[in-house]
Amino acid sequence: MKHLFLLIALGIGSGLTVKAQSHTRISLPALFSDHVVLQQQDSVPVWGWGEAGSKVCIVGSWSSKDTVSARVGDDGRWMAKVKTAHYGGPYTLRIFQPKREAEGIMLEDVMLGEVWLCSGQSNMEWTPANGLVDQAQEIGAADYPQVRFFSLKKVGSEYLQDDCQATWECCSPDVYGLHFDHIPTVWDEGIPLGNGIMGTLVWQKGENLRLALDRADLWDLRPVKEFSGPDYSYKFICDAVEKKDLKPVYEMIDARTSRDIAPTKIPAGAIEFPVKALGEVASVDLDVRTAVCTIVWKNGVAGQFFTSATDRTGHFRFTNLPGKLELNWQAPAFEAPEGSKVASNALARLGYKPGRTVRKGNRITYTQKAYGDVKYEVDIRWTCPDAHSLEGVYCLTTQGTWYSEQTAAGKVMDAYTKDFRSALQEHVEWWKRYWEQCRIDLPDKVLERQWYLEMYKFGAASRKDAPPICLQAVWTADNGQTPPWRGDFHNDLNTQLSYWPGYASNHLEESAVFTDWLWRIKDNSEAYTRQFFGVDGLNVPCISTLDGKNLGGWNPYSHQPAASGWLAHHFYLQWKYSADQDFLKDRAYPWVKEAARYFEQISIKGADGKRRLPLSSSPEINDNSLDAWFKETTNFDLACIRFTLRAAREMAETLGLDEEAAHWKDLESEWPDFASDATGLCIAPGYPLQYTHRHLSHLLAIHPLGLLDVSQGKEVERLVRRSIHHYEEMGTRGWVGYSYSWLANMQARVLDGDAAARSLHIFIKAFCSPNSFHLNGDQLKKGYSGFTYRPFTLEGNFACASAIQEMLLQSHTGVIRVFPAVPEYWLDASFKDMRAMGAFLVSASMKGGNVERITVRSEKGGTLKILNPFTSRVEKKAMKPGECIEITE
């Protein structure tokens with residue numbers, strides 16, 4: 001094995017911080033954390049703090065039988081010497097107290113090697129970014145993960161310190177990011193930057209480098225007049241279907257969508273730099289670890305760009321410029337050139353008056369009035385620190401939306417004091433914390449890289465106090481037109497798939513954005529339910545605007561009668577993965593209860609005692625024809641209804657609402673079983689899937705809802721496998737990219753890792769653009785789909801990440817399974833801090849095709865149920881909050 005090295009960089013002015021307070025639990029200095037390197041073949045001092053008089057035990061996995069101990073002194077400090085083995089790793093180091101193992105600490109990825117202590121002048125802390133020749137190439141080639149760095153922050157002190165502010169970092173390039181030898185020349189292949197509320201696409205249009213700006217709440221929300229008339233109702237559609245004449249429905253709901261330009265998501269404009277004089281580009285990189293885009297030209301000019309993770313600003317910096325670099329603002333094409341033909345989706349059709357651009361010195365301010373009370377402002381400011389540099393910052397604010405600031409961009413910038421370096425430091429630290437929440441290591445580097453790319457987009461697109469992910473999130477079309485499908489919230493699969501990966505990847509704050517929005521639009525959803533369906537309770541428009549109102553589209557799915565059932569699943573997931581009882585009581589159950597009440601009121605009870613919907617559909621089956629409506633309840637609608645009632649029952653039981661729980665149980669028993677035949681699950685009773693189709697709507701009960709699972713016995717397993725086989729048997733001509741990534745989730749659920757990996761590889765190579773965006777159609781044109789178009793949407797990307805997680809960890813049955821669906825060729829794999837239902841954080845490693853070790857930490861306490869791979873038995877353990885256990889052979 002290669003030698004391992006540690007460099008501890010101590011710059012002038014660096015220091016350690018004192019821990020003078022008392023401790024009731026053991027704690028460690030920052031030096032002892034994940035990725036630490038300990039001196040090999042030595043007795044290494046390990047120290048920390050704890051409750052005076054208590055005993056502390058330390059054991060390294062390189063010699064699990066050799067446990068050393070120390071007694072905490074009266075000053076709350078302890079220290080022990082741990083014997084280390086020969087070079088090697090990665091290992092774990094466990095520090096715990098007898099009878100208080102629940103409060104123990106587990107260090108991961110510990111290496112044994114050579115430790116060097118380095119101190120000297122401040123330039124010792126310089127990185128390649130400080131001016132190394134060919135820095136991009138050098139950074140890209142620096143793949144030495146066994147070299148670990150521990151660089152201390154500058155904290156001055158007059159006294160000796162015993163802790164510090166620092167973290168361990170491995171020396172390796174960003175192998176997961178984007179790397180090009182040219183600037184993208186198509187907007188939907190641009191480098192994506194974002195912070196949930198604000199997004200930037202970095203690309204080149206003509207001779208200009210372009211930063212295309214977007215705001216998640218930048219919408220034209222003009223009302224749809226057709227949706228306020230007396231005929232706008234579910235009954236109106238039911239009557240039209242009964243008469244077999246949908247023309248009045250088409251005119252009211254469908255036709256107006258092609259005529260009207262709004263409601264729609266809209267772009268903000270773009271910052272442009274004329275870069276022709278800079279010559280050829282050497283490299284373009286997006287480092288997903290730091291969310292920084294770097295462009296290097298062959299003449300040595302370098303540009304860096306990031307959208308701040310900690311505030312609502314964006315930043316740019318150019319260095320080594322040969323001369324002055326101009327900066328210009330390009331407003332969206334809200335005006336068409338005189339005499340030109342206006343396309344049907346052109347922004348010019350919105351009818352906005354021209355915005356106001358004011359340029360004064362090194363500042364540009366642009367203000368644009370949109371529809372109604374909505375307007376937005378962009379403020380850009382820049383400086384030239386020297387003759388060869390340009391640094392700038394921009395801010396984009398809105399007025400008149402739920403997410404608007406009280407202060408416009410110009411005034412925000414008047415008070416803004418951060419320079420590029422300080423803003424970058426805060427930004428990088430946020431992303432560092434984000435990536436520390438979960439990580440994976442796969443032998444299949446294509447899938448591993450794609451997971452990191454998808455989770456980068458997830459972190460860039462979904463943030464607290466911002467809208468949820470719509471079709472294109474914060475990267476609205478920058479082509480003078482409204483975005484594909486108006487950039488709306490498609491609740492027939494797109495929004496749901498977009499939030500699948502947030503739960504198991506341990507990013508609950510980001511996943512909560514979706515349920516926060518569903519709660520925010522609850523009043524509008526209930527009003528829509530009363531108006532359109534004529535009953536109380538809650539359903540959600542399937543094609544929704546930012547404020548939760550119906551945008552329209554094909555009537556069978558834009559006004560789908562069971563949309564709230566699938567959305568209820570995300571309240572359930574947020575609750576189960578967090579084990580947050582307050583969320584259950586205050587939001588999850590109240591929302592799900594109203595959805596259940598809606599299903600009770602909208603349904604009709606037949607003479608056989610079974611309920612059905614007056615009219616049912618299965619999203620996008622039979623497109624927009626009369627046959628898209630079914631008089632028998634479809635399996636899609638039935639799955640939504642059954643899940644909602646079952647979830648309402650479980651939630652009510654947990655809250656001690658026994659009468660309500662019994663009511664939901666009785667109500668679920670009144671609905672029929674899922675329709676099936678020799679092909680497996682049908683679309684509806686007597687109506688099997690008869691042609692290739694992109695949407696797996698009829699299989700919703702299998703995944704994601706988990707109402708049917710291979711763990712439920714041979715008969716159900718045969719039904720599930722037969723259903724998936726028939727879907728594949730119909731061929732792929734009608735599929736799009738997300739069909740493959742959704743199918744991979746189902747294949748993982750039936751424990752077929754090889755099939756799941758195969759589907760994901762097709763998705764990645766055939767349906768993703770060079771910047772990893774899902775383009776729906778087969779870009780290779782090799783028969784993976786009959787669609788070869790390229791509308792950009794994100795749900796396929798996030799379903800891909802979810803499928804990889806399903807291969808590594810499953811807990812939907814209430815039993816945790818590690819590596820349940822890994823391909824046969826995966827011999828070595830690991831993951832850290834994936835989240836399972838019940839708020840359990842799970843880490844596991846696999847060597848030579850066999851599980852090596854599992855670590856489970858309980859966040860909230862409760863009963864752990866886990867399939868022990870060493871005994872092949874499901875084992876139970878009552879765990880306390882914070883308790884950690886390790887399972888080995």
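This is a predicted model: local features need pLDDT of at least 70, side-chain atom pairs count only at pLDDT 80 or more; totals for chains, interfaces and linings use all residues.

Two strands count as paired here if DSSP finds at least two bridges between them.

**Stop 1: a five-stranded sheet.** Select S27, S38, S39, S40 and S43, which form an open sheet in that order, with antiparallel pairing. Strand S27 (439-441) and strand S43 (884-888) are the edges; each has a single partner strand, so one side of each lacks a neighbour in the sheet. From one strand to the next, the twist averages 15°.

Now zoom in on S40 (residues 850-858) and S43: five bridges join these antiparallel strands. Pick isoleucine 854 and you will find isoleucine 887 of S43 opposite.

Stop 2: Select cysteine 438, in the loop between helix H5 (420-436) and S27. Is cysteine 438 buried or exposed? Its relative accessible area is 2%, and since buried means under 20%, cysteine 438 is buried.

Stop 3: Move to strand S12 (residues 191-194) and strand S13 (residues 198-205), an antiparallel pair joined by four bridges. Isoleucine 191 has valine 202 in S13 as its bridge partner. Color S12 by face: Ile191 and Leu193 lie on one side, Pro192 and Gly194 on the other, and all of them are buried.

Stop 4: In soluble globular proteins, nonpolar side chains tend to be buried together. Here, select Phe273 and Phe316, which touch the most other members of the largest nonpolar core, a set of 233 residues. Then switch to Val46, Leu93, Phe150 and Ala166, which are among the 26 residues of a second, separate core.

**Stop 5: a pocket.** Finish with the second largest pocket, whose volume is about 1100 Å³. Which residues lie nearest its centre? Select Tyr572, Lys576, Ser811, His812 and Met837, out of a lining of 46 residues. Elements that give two or more residues to this lining include helix H12 (563-578), helix H14 (635-654) and helix H19 (795-808), along with strand S41 (862-868). Colored by class, the lining of this pocket shows 18 nonpolar, 18 polar and 10 charged residues.

Technical notes:
Residues are numbered from 1 along each chain as its sequence is written. Side-chain values use heavy atoms; hydrogens and water are left out. On a 1 Å grid over the protein atoms alone, a cavity is a set of points where a 1.4 Å probe fits but cannot get out, and a pocket is an open set with protein on both sides within 12 Å along at least five of seven lines; lining residues have an atom within 4 Å of a point. Grid points are joined across faces, edges and corners, and a volume is the space filled by probe spheres set on the points. Ala, Val, Leu, Ile, Met, Phe, Trp, Tyr, Cys and Pro count as nonpolar, Asp, Glu, Lys and Arg as charged, and the others, Gly among them, as polar. A nonpolar core is a set of buried Ala, Val, Leu, Ile, Met, Phe, Trp, Tyr and Cys residues joined through side-chain atoms within 4.5 Å. Buried means under 20% relative accessible area, exposed over 50%, partly exposed in between (1.4 Å probe, protein chains only). Axes are lines fitted to C-alpha atoms, for helices over the stretch in contact, and angles run from 0 to 180 degrees between N-to-C directions.
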